[in-house]
Amino acid sequence: MKLRIPALLAVLVVALTGCGEGEKQPSSGGSSIKASPSAAHRAIVPDLVGKTYQEAKSQLDSLDYRARIVGADGEQPWQRETVPDESVVIISTSPASGGFSGNEYVDVKVNISEKDFLAGVKAKAAAAAVADAEAGIATRYTYTCGGVGQSREYTTFKDVWVGINYKDGGTACSIKVLGIPLSSKTELLPSEMKLVAAVAAKGVKISTPGSTLERIMNLCAKLDSAYTELATTIESQAESEMALTVCPDAPHAAVLRNTVSNPRIVDGTMIVGQTMEPGTWKTKPGVKGCYWSRNTGGGDIVANDFVDFAPDGVSVIVSSGEGFKSSNCGTWTKIG
């Protein structure tokens, strides 16, 4: 019995020692688990003042921040659908540089309001459209010339010059812009309005800009068979002058230049300075039964005469602001 007791104790000691070591394993393994970084941690906000929005956004994206745009007037954040371009520049941030945000956003205040930016984008698009139209102005118009059964369509006035309708002695062509009659066109290009404005500067009253432009472009395409008889007003002279700036190489340019340099009027009632130029006017030789009168603005007769027969023609000097009337005198040409 004495020999068995020590052996039993030894077995118990071994058993107890093994159980203790088995319990320590989980404790040792648990000590290797590390805590995860705080989800609220954010990087320091960099200095973004003076950078474009695109540059600032790229820098904030790299720091896991999201840029929220605030306009220069302190308005509510811009809509996400609005995409700033390089004209949008940062003027301040919240938080300021050196600080950090407690959330994912950094407010970036920019140099322009969203409303003004969008208006600018619209204006740029409109300007680009006008520039494209100006670049293609040579083929902007379509000319339909000729009578029934002989009409042809041309894309430029130079095409008209070599077409079968140029010397047909008929009427002028009809002109369209993108399928719309030019006389009905209300929105003209800047270069087109410049021509119309130049005509108005000559004292011509413009009722429809499109109609004035149509006559100018038609003078480039071809002349009406009665042009030399009808081109007898300040309006005709001004429009012929503008046509020469558009098509100085027209085959009929000499006729246009003659209209500009030798103003004419025919029988009718004129306002000096508006529908006829002031100066000295003379009829053709051999007029018979010609009556003319000069009147004040109020209607009083300044001078008048009835000429039964004038082999050398009749001469009259008129001044701005007067009214001038002639009957059975034919064509008057300005000679001085």
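Select Lys 124 and Asp 85 to start: in this predicted model, their side chains form a salt bridge, 3.5 Å from N to O. Lys 124 belongs to helix α3 (residues 114–135), while Asp 85 sits in the loop between β1 (66–70) and β2 (90–94), so the pair ties together parts 39 residues apart in sequence. Colour Asp 85 by accessibility and it comes out as partly exposed, with a relative accessible area of 26%. The whole structure holds eleven salt bridges, and the tour stops at some of the others below.

Next, select Thr 52, in the loop between α1 (4–30) and α2 (53–62). Is Thr 52 buried or exposed? Thr 52 counts as buried, because its relative accessibility is 16% and the cut-off for buried is under 20%. Beyond its neighbours within four places in sequence, Thr 52 is in contact with Glu 86, Val 88, Val 89 and Ile 90.

Move on to Lys 158 and Asp 249. Their side chains meet in a salt bridge at 3.9 Å, N to O. This pair links distant parts of the chain, 91 residues apart: Lys 158 is in helix α4 (residues 157–161) and Asp 249 in the loop between α8 and α9 (253–261). Lys 158 is partly exposed, at 46% relative accessible area, and Asp 249 is partly exposed as well, at 47%.

Now show helices α6 (residues 209–221) and α8 together. What is the angle at which α6 and α8 pack? The angle is about 60°, and the axes are 8 Å apart. That angle makes α6 oblique to α8. The crossing is right-handed. On the α6 side, select Thr 212, Arg 215, Ile 216, Met 217, Leu 219 and Cys 220; they meet Glu 235, Glu 239, Ser 240, Met 242, Ala 243 and Val 246 in α8. By class, this contact has seven nonpolar, two polar and three charged residues.

Within that contact, zoom in on Arg 215 and Glu 235, which form a salt bridge with the closest N and O atoms 3.1 Å apart. Arg 215 lies in α6 and Glu 235 in α8, so the pair ties together parts 20 residues apart in sequence. Arg 215 is partly exposed at 34%, and Glu 235 is partly exposed at 29%.

Finally, keep α8 (residues 234–246) and bring up α5 (residues 190–200), whose axis comes within 9 Å of the α8 axis and crosses it at roughly 145°. α5 passes α8 in a right-handed crossing. Here Leu 195, Ala 198 and Val 199 in α5 meet Ala 238, Glu 239, Met 242, Thr 245 and Val 246 in α8. The residues of this contact divide into six nonpolar, one polar and one charged.

Technical notes. Residues are numbered from 1 along each chain as its sequence is written. This is a predicted model: local features need pLDDT of at least 70, side-chain atom pairs count only at pLDDT 80 or more; totals for chains, interfaces and linings use all residues. Side-chain values use heavy atoms; hydrogens and water are left out. Helices (H or I, at least four residues) and strands (E, at least two) are DSSP runs, numbered from the N terminus. Buried means under 20% relative accessible area, exposed over 50%, partly exposed in between (1.4 Å probe, protein chains only). Contact means heavy atoms within 4.5 Å. Axes are lines fitted to C-alpha atoms, for helices over the stretch in contact, and angles run from 0 to 180 degrees between N-to-C directions. A crossing is left-handed if the near helix is turned anticlockwise from the far one by less than a right angle, and right-handed if clockwise. Ala, Val, Leu, Ile, Met, Phe, Trp, Tyr, Cys and Pro count as nonpolar, Asp, Glu, Lys and Arg as charged, and the others, Gly among them, as polar. Angles under 35 degrees count as roughly parallel, over 145 as roughly antiparallel, 65 to 115 as roughly perpendicular and the rest as oblique. A salt bridge is a side-chain nitrogen of Lys or Arg within 4 Å of a carboxyl oxygen of Asp or Glu.
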